[in-house]
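Here are my notes from a read through the model. Have it open next to you while you go through the points.

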Amino acid sequence: MDDPILTMEEREAINQGRWFSSLSPSLRHDILRCASVKRYADGEQIGARGDPAEQWIACARGSVRVSSTTLTGKQITLTYVEPGIWFGDVSMFDGDRRTHDTHAHGATTIVQVSRSDFERILKLHPELYEALIKLQARRVRLLFGMVEDLNTLPLRARLAKQLMLLARSYGSAHPQYPGETRIQLQLAQEELAQLLGASRQRVNQELKTMEREGVIRVEPSGLVLRDARALSSIADAEA
């Protein structure tokens, strides 16, 4: 069921987003003032490839899984959008249809701004143009880095870097073991393998090796980083 009001935690997640928090208070206010709130259960579809692009969207709680489907019908996960991250702005500019499917990963809340409101805000706040250009530049840099890693780094290093990224986005202090970080985003090994462009079997082998080395621990509720410094060393040593 849709709820027109963000909870305090959801609003805080949006406002603390690295990019969104850099905007002026008046711009942030106008964006959220016209945004509508939608809530989804785990696995519910948020958008489909080929849909008209009529909303600019941000994740406020949970996670949005972005995926594509191969010619054989297999669904491949490309990334997960964390709370505080906005997406869909490219289609707001070029007018093309959505290029990927999006689903809720866990109980998920999004806020969305209609195309007409997006265009109105751009006219009222020219600073949004520059902010979105910087956002796109950051995304391009990240994309080139991912392509470079895929072509130059062994799986062990790519896995270490991916785990560090997930810890920054979804990590929290372990309630029982001080100094350890639990990754709150629950991923099946197949989903983690898809993010790395590798097979589940190879990723499983690398996870077991890291667990034997005391770098991580695999718990029923997800992955735990036991030694962040060692994980960083793995990523750097294999580069």
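At what angle do the axes of helix α6 and helix α7 cross? One thing to keep in mind throughout: this is a predicted model.

1. The helix crossing. Two packed helices are described by the angle between their axes and the distance between the axes. For α6 (residues 155–170) and α7 (residues 189–196), the axes cross at roughly 110° and come within 10 Å. An angle of 65 to 115 degrees counts as roughly perpendicular, so that is the label for α6 relative to α7.

2. Who makes that contact. On the α6 side you'll find Leu155, Arg158, Leu159, Gln162 and Leu166, and on the α7 side Leu192, Leu195 and Leu196. Sorted by class, the contact has six nonpolar residues, one polar and one charged.

3. α6 by itself. This helix has 16 residues and spans 22 Å from its first C-alpha to its last, close to the 22 Å expected at 1.5 Å a residue. Because 12 of the 16 residues are buried, α6 is largely enclosed by the rest of the structure. The buried set takes in leucines, including Leu155, Leu159, Leu163 and Leu166.

4. Strand β7. Are the faces of this strand (residues 101–104) covered or open? Both are covered: Asp101 and His103 are buried on one side, and Thr102 and Ala104 are buried on the other.

5. The neighbours of β7. Strand β2 (residues 45–47) runs antiparallel to β7, and two bridges join them. Here Gln45 has His103 as its bridge partner in β7. Strand β4 (residues 64–69) also pairs with β7 in the antiparallel sense, over four bridges. For Ser67, the bridge partner in β7 is Asp101. If you click on Asp101 and His103, remember that both sit on one side of the strand and are buried.

6. Leu6. Look for this residue in the segment before α1 (8–15). Is Leu6 buried or exposed? Buried means under 20% relative accessible area, and Leu6 has 11% relative accessibility, so it counts as buried. Leaving aside residues up to four places away in sequence, Leu6 touches Arg11, Val37, Arg39, Ala60, Thr109 and Val111. As for Leu132, which is 126 residues from Leu6 along the chain, the C-alpha atoms of the two are separated by 24 Å.

Technical notes
Residues are numbered from 1 along each chain as its sequence is written. This is a predicted model: local features need pLDDT of at least 70, side-chain atom pairs count only at pLDDT 80 or more; totals for chains, interfaces and linings use all residues. Side-chain values use heavy atoms; hydrogens and water are left out. Axes are lines fitted to C-alpha atoms, for helices over the stretch in contact, and angles run from 0 to 180 degrees between N-to-C directions. Angles under 35 degrees count as roughly parallel, over 145 as roughly antiparallel, 65 to 115 as roughly perpendicular and the rest as oblique. Contact means heavy atoms within 4.5 Å. Ala, Val, Leu, Ile, Met, Phe, Trp, Tyr, Cys and Pro count as nonpolar, Asp, Glu, Lys and Arg as charged, and the others, Gly among them, as polar. Buried means under 20% relative accessible area, exposed over 50%, partly exposed in between (1.4 Å probe, protein chains only). Two strands pair if DSSP finds at least two bridges between them. The expected span of a helix is 1.5 Å times one less than its number of residues.
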